[in-house]
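Biologist: Please take me through this one feature by feature. I want to know how to read each feature.

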Amino acid sequence: MRQRPWLFLLPTLILMSISAFIPLMAVINYSLHTIFAGSAPEFVGLQNYADVMSDAQFRGALIRQLTFSLMALLIEIPLGVAIALCLPRKGSGVGLSLVLLGVPLLIPYNVVGIVWRLFTQSDIGVIPRILSLVGYDYNVSLNATDAFFTILLVDVWHWTPLVVLLAYAGLQAIPQTFYQAAEVDGASTWKTFRYVTLPKLRPVLTLGLLIRFMDSFKVYSEPLLLTGGGPGNATTFMSLFVARKAEAYELGYAGASSIIYLYVVIVMSYILFQFINRSSEERHR
Amino acid sequence: MARIELKSLAHRYDSSRKGKSGFSIEDLNIAWEDGTANALLGPSGCGKTTLLNIISGLITPTSGSVLFDDAIVNDRPTRDRHIAQVFQFPVVYDTMTVFDNLAFPLRNQKNGEIEIESRVAEIMELLELTPLAKTKAGHLNPAEKQIVSLGRGIVRKDTVAVLLDEPLTVIDPILKLDLRRKLRQVQQELKLTMIYVTHDQHEALTFADHVTIVRDGSIVQSATPEELFLRPKTPFVGYFIGSPGMNTLRCESTIDGFKIVGSSLAIANRAGNLSGVLDLGIRPEFVVTSPEEMPGWNRLKIRAIEHAGAYQVLTLESGALEIKARVGDDTATSEGDFVWVDFPSDKTNLYVDGELAIL
């Protein structure tokens, strides 16, 4: 009965086709057509892809997105590890610290956007107020740099705790004897971190890196609620760009850019995944 | 290398924990001579690891002093004590090569690279690690990792002592013997002061010249393996060392000798001036049995026989009394038979109030 294995796979296959395969096919189908409301879709082949690739706005959004994700990772991973290192290892402080750290993770995305919008509002916000004390004229709706870094700040605030929790769990799993051995060997604090802590944290950090990369690449609600993608296109990241096109009912164009977007995420994640595989292989060989 | 001494040492982790008095180590005095192989033997949780960590400075004792070559080192931090420590679970720097692992302590001491290279090469040669020099330490098997961590300890010329904390726990049985032999060989070649902690009597007795038995944070006996076997200082040592452990029989003095409590067995008095209640200890190896009646011997029933290849262990009983005897495999016996038993006087130890009575 060679069919039987397939029978067992059927529920999964059905679920997957509903959740991923069919929508994906639909998007691919859109991306090959020019669609106008009221008229029949016209098949245009890869024309939409060519348009997207030559669109300066799309390229701008992609580069902005890559810059954003890279910066987010460069800040969140080291910061997360640093905070995890500062947390108490035992005692009554542990629970409290972890709960407080976890708070940003519990807040729904739209609430995060609204809260930060209030923080950054130029007339009543706390951030413009504080920065004005040091003589900086902060304005998210006028200054492109302010807007970009504000979204980055929100992302760091929102997601660094995740890295902290991962790193903290990783730290707790390192046996104390490794530190005792380093002490016996006369290793400095830095060398202990470099040769004991960091190598032992590598698996969780690569996981964190992958999760944070994929998530930050999908950043949407924060720029939508805080800056609306502006000023200009300063905070129009990939998701927002695609959504704007779809809202404008350029479904073919939006479909093509979604597929390219998906492709970029897959390729980048694959590279990171290979990285994880290699590091875990190294440990188990 | 150096002589290591602990003087009236006591340590308490937490007053609410462990032991009646809250001490995990209590008023302990011991010295390990320079260049000797020593073992600390005791059941789990008796304070062996605490003792090692006190020597290496990872734990500060509550009171008492630690001396290296007669100098008190209590206030010396771990890194300045120059102790090598091999832990139960192999500790290596995974991302470094074997060479770099061994060079690590030397580099931390800011030695010159040329000097480091020759010293590491020397140690790798000794430990037979040379072919693995360029291998990442994370790729080694547990036994090789243990050797690397030993190497890291002895690579420094100023190493005072090597402490090993149950180093064979995670090693494959086949490799255990090998690794133990290598440890011993290195110890003898370099004249290292080694302190080997274990709960395995076989490991302790085969490795060390001098074995210290620890129980509940204090030393019960410190002696050569032979002495521990022949003259255990307390019934606990007698039982703990040996397989099966020593028989301990509670006796009461009678007019012409002793009567073993819980049975009708009698033993001719050979204790001279001893009287009252005492314990007689005899190793199963030294119990003499005979299938025929012998004058003055006691008759016991064989309750169980365990065959162990070259020998068999008989469990003998008489009333509530139970005695183990180790006899050759050629002795024809079967369960339920009766045998006559004697305890040769030169092989028995007498204990008064739990202490070996000197006759």
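Predicted model: local features only at pLDDT ≥ 70, side-chain atom pairs only at ≥ 80, totals over all residues.

Biologist: Which residues of helix α11 of chain A are buried?

Modeller: Count neighbours. A residue is buried if 20 or more other C-beta atoms lie within 10 Å of its own, exposed if 12 or fewer, and partly exposed in between, with C-beta atoms placed from the backbone. In α11 (residues 238-247) of chain A, the buried ones are Met238(A), Leu240(A), Phe241(A), Val242(A) and Lys245(A). Across chain A, buried residues make up 29% of 285.

Biologist: How many helices and strands does chain A have?

Modeller: There are 12 helices and two strands in chain A. Along the sequence they run α-β-β-α-α-α-α-α-α-α-α-α-α-α. The C-alpha atoms of chain A fill a box of roughly 75 × 75 × 30 Å along the principal axes.

Biologist: How many residues of chain A are in contact with chain B?

Modeller: Contact means that C-beta atoms, placed from the backbone, lie within 7 Å. By that rule, 16 residues of chain A are in contact with 22 residues of chain B. On the chain A side, α8 (176-184), α9 (189-217) and α12 (251-284) each supply at least two residues. α8(A) gives the most, with six.

Biologist: How do the chain A residues that touch chain B divide by class?

Modeller: Ala, Val, Leu, Ile, Met, Phe, Trp, Tyr, Cys and Pro count as nonpolar, Asp, Glu, Lys and Arg as charged, and the others, Gly among them, as polar. The side of chain A that touches chain B has seven nonpolar, three polar and six charged residues.

Biologist: Into which domains is chain B divided?

Modeller: Domain bounds come from an automatic or database domain assignment. Here they give domain 1 (4-238) and domain 2 (247-356) of chain B. Their C-alpha centres lie 39 Å apart. The contact takes six residues from domain 1 and eight residues from domain 2.

Biologist: What is in the largest nonpolar core?

Modeller: In soluble globular proteins, nonpolar side chains tend to be buried together. A core here is a set of buried Ala, Val, Leu, Ile, Met, Phe, Trp, Tyr and Cys residues joined through C-beta atoms within 7 Å. The largest has 77 residues, and Leu102(B), Ala161(B), Leu163(B), Ile195(B) and Tyr196(B) have the most contacts inside it. Helix α3 (residues 98-108) of chain B gives the most to this core, with six residues. A second, separate core of 32 residues includes Trp116(A), Val140(A), Phe237(A) and Ala254(A).

Biologist: In what order do the four strands of the open sheet in chain B stand?

Modeller: Strands pair if DSSP finds at least two bridges between them. The order is β2-β1-β4-β5 (chain B), and the pairing is antiparallel. β2 (25-32) and β5 (71-72) of chain B are at the edges, each with a single partner strand, so one side of each has no neighbour in the sheet. β4 (residues 63-68) of chain B pairs with β5(B) over two bridges. Phe68(B) has Ala71(B) as its bridge partner in β5(B).

Biologist: Where is Lys191(B), and is it buried or exposed?

Modeller: Lys191(B) is in the loop between α6 (173-190) and β8 (194-198) of chain B. Its phi is positive, near 50°, in a residue other than glycine. Lys191(B) counts as exposed because it has 10 C-beta neighbours inside 10 Å.

Biologist: Which peptide bond is cis, with omega near -5°?

Modeller: The one from Ser243(B) to Pro244(B). Pro244(B) is in the loop between α9 (235-240) and β11 (247-254) of chain B.

Methods
Residues numbered from 1 in each chain as written. Chains lettered and ligands numbered in written order. Contact = placed C-beta atoms within 7 Å.
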